Amino acid sequence: MSQKPRADLLPNTWDYETSALIKPTGFREYDARWWFGHPGSDKAPEINLYGIQALGLGLGTLIHELGVEPKIVTGHDFRGYSLGVKQALTVGLMSAGIEVHDIGLALSPTAYFAQFDLDIDCVAMVTASHNSNGWTGVKMGVEKALTFGPDEMARLKAIVLNGEGKLREGGGYIRETSVAESYLADLSDGVSIRRKLKVVAACGNGTAGAFAPKALQAMGVEVIPMDCELDHTFPRYNPNPEDMKMLHALRDAVLEHKADIGLAFDGDGDRCGVVDNEGEEIFADKVGLMLARDLSGRFEKAKFVVDVKSTGLFLTDPVLAENGATTEYWKTGHSYIKRYSKKTGALVGFEKSGHFFFQPPLGRGFDDGIVAARAVLDMLDRNPDKSMADLRRDLPVSYSSPTMSPACADEIKYEVVDRIAAAYSARSEILGRKVRDVLTVNGVRFTLEDGAWGLVRASSNTPNLVIVVESPNSADDMKAIFKDIQAELAKHPEVGAFDQEI
């Protein structure tokens, strides 16, 4: 049995340097994420390196418990402390009797690809994705193309916090040096974009800068790199394709260079955002609808899975209906959508955040921002007479908000959302219109009789709520729905300031 970690250790003390610190709330719905800190930060860390080591021992113990082959792929993103975090995780995994195959600096999809390339079922990718500097985390799985869900995370949490990790013989370490090259080659294998396209690739100085420009060039397009130099201080903005600051900067670059499209990648490369040739930022759910239209014309009776934050147009789009396509809404979260896409035999799963899950023959099922970019470029290649803006204008009109995230502590956010869900479930009218449907599979999504809707849910990986609204009527109507949600949030003092608002 391992020692139980503590949640009350403070830096610059004997206990902090000799014991494991782990804040329990870092075990989230489908991955793990903590504030680790960085030089100069004044926020107390939620985990230390001995805590990361305990996490590795717990994960290794769970792998044995699940009867999976005791081998694992590990990688890390480009942050000043990620390599040290991965090494501490590796020590814990090895002490649990796991053979660790380290692919080095990587994107999350590079690590997922390595599971296939090296024929290893388990993966542990050290990344905080798009979170600000000072955060760390681990995305984990024990089955190719899938990552942990709530059941696995709950068991892992119990093993680690209760000190149930078991030391075993047989651990080892192998440094894999060829995976990055194989991954890049695989991305462009059989892809040759014939249409002359100029593409701005924005990486926010995150890890994708080492991969995306090379991969896109190999597909046959002209690439204009933007913030592709690796810099873990993220000098301009966090690499987050949902952040309007990043999208506005990409818009300016697209217009300056007269590019055909702008593509934005997040910190660990599993998401993609799009700006069209006219500088219009297209939210990822609308990009997904474009792709669904294109793919449903090529694949008979195509099925798509989308998350509850996504546009309602998937259910009303005439092109999808004509092509016999069907769409199902499911829980937000990369682990949920990719698992449900595989379970239901969907061709693609789409998330408003920019996670896209292309199943065979289009992909391997996991979320990869560069594979999503490849699909968008392929769509443009098959529509040589239309620009990205033309394809956007072909969609039915709707007015959608960006994803907005008011602060709410991890310890209370789910309870707050339950209260808000109960309040909206009890309402038969909103803004003078009848409530047509209330979906509570993930927070609460209420839909009005004219198709306008609003969503309130708890973020799966940060101390925030998530708010999205959409109206088929007007931007003013969208704002009115948002004001209704703001009025409801104001009844709950636990809800803090928004990161951005419409």
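**Exercise 1. Classify Tyr414 as buried or exposed, or in between, and place Tyr414 in the fold.**

Step 1. Tyr414 has a relative accessibility of 37%. Buried means under 20% relative accessible area, exposed over 50%, and partly exposed in between, with a 1.4 Å probe and protein chains only. Tyr414 therefore counts as partly exposed.

Step 2. The model is predicted: local features need pLDDT of at least 70, side-chain atom pairs count only at pLDDT 80 or more, and totals for chains, interfaces and linings use all residues. Residues are numbered from 1 along each chain as its sequence is written, and side-chain values use heavy atoms, with hydrogens and water left out.

Step 3. Helix α15 (residues 413-425) holds Tyr414. Helices (H or I, at least four residues) and strands (E, at least two) are DSSP runs, numbered from the N terminus.

Step 4. Leaving aside residues up to four places away in sequence, Tyr414 touches Glu29, Ala458, Ser459 and Ser460. Contact means heavy atoms within 4.5 Å.

Step 5. Gly204 is 210 residues from Tyr414 along the chain, and their C-alpha atoms are 31 Å apart.

**Exercise 2. Find where Lys309 lies and decide whether Lys309 is buried or exposed.**

Step 1. Lys309 sits in the loop between β12 (303-307) and α10 (313-316).

Step 2. Its relative accessibility is 4%, so Lys309 counts as buried.

Step 3. Not counting residues up to four places away in sequence, the contacts of Lys309 include Glu242, Asp285, Lys352, Arg445 and Trp453.

**Exercise 3. Describe the largest cavity and its lining.**

Step 1. Search the whole structure: one cavity of 30 Å³ or more turns up. On a 1 Å grid over the protein atoms alone, a cavity is a set of points where a 1.4 Å probe fits but cannot get out; lining residues have an atom within 4 Å of a point.

Step 2. Grid points are joined across faces, edges and corners, and the volume is the space filled by probe spheres set on the points.

Step 3. Its lining has 14 residues, with Pro241, Glu242, Phe283, Ala284 and Lys352 nearest the centre. Strand β10 (residues 272-276) gives the largest share, three residues.

Step 4. Sort the lining: eight nonpolar, four polar and two charged. Here Ala, Val, Leu, Ile, Met, Phe, Trp, Tyr, Cys and Pro count as nonpolar, Asp, Glu, Lys and Arg as charged, and the others, Gly among them, as polar.

**Exercise 4. Explain how Arg382 and Asp378 are placed, then survey other salt bridges.**

Step 1. A salt bridge is a side-chain nitrogen of Lys or Arg within 4 Å of a carboxyl oxygen of Asp or Glu. The structure holds 43.

Step 2. Arg382 bridges to Asp378, with the closest N and O atoms 2.3 Å apart. The two are separated by about one helical turn because they are four residues apart in helix α13.

Step 3. Arg33 and Asp31 form a salt bridge at 3.0 Å, N to O. Both are buried.

Step 4. Asp276, Glu278, Asp390, Arg392 and Arg393 are linked in a network of salt bridges.

Key:
1 Å grid on protein atoms, 1.4 Å probe; cavity = no way out; pocket = protein on both sides within 12 Å on 5 of 7 lines; lining within 4 Å.
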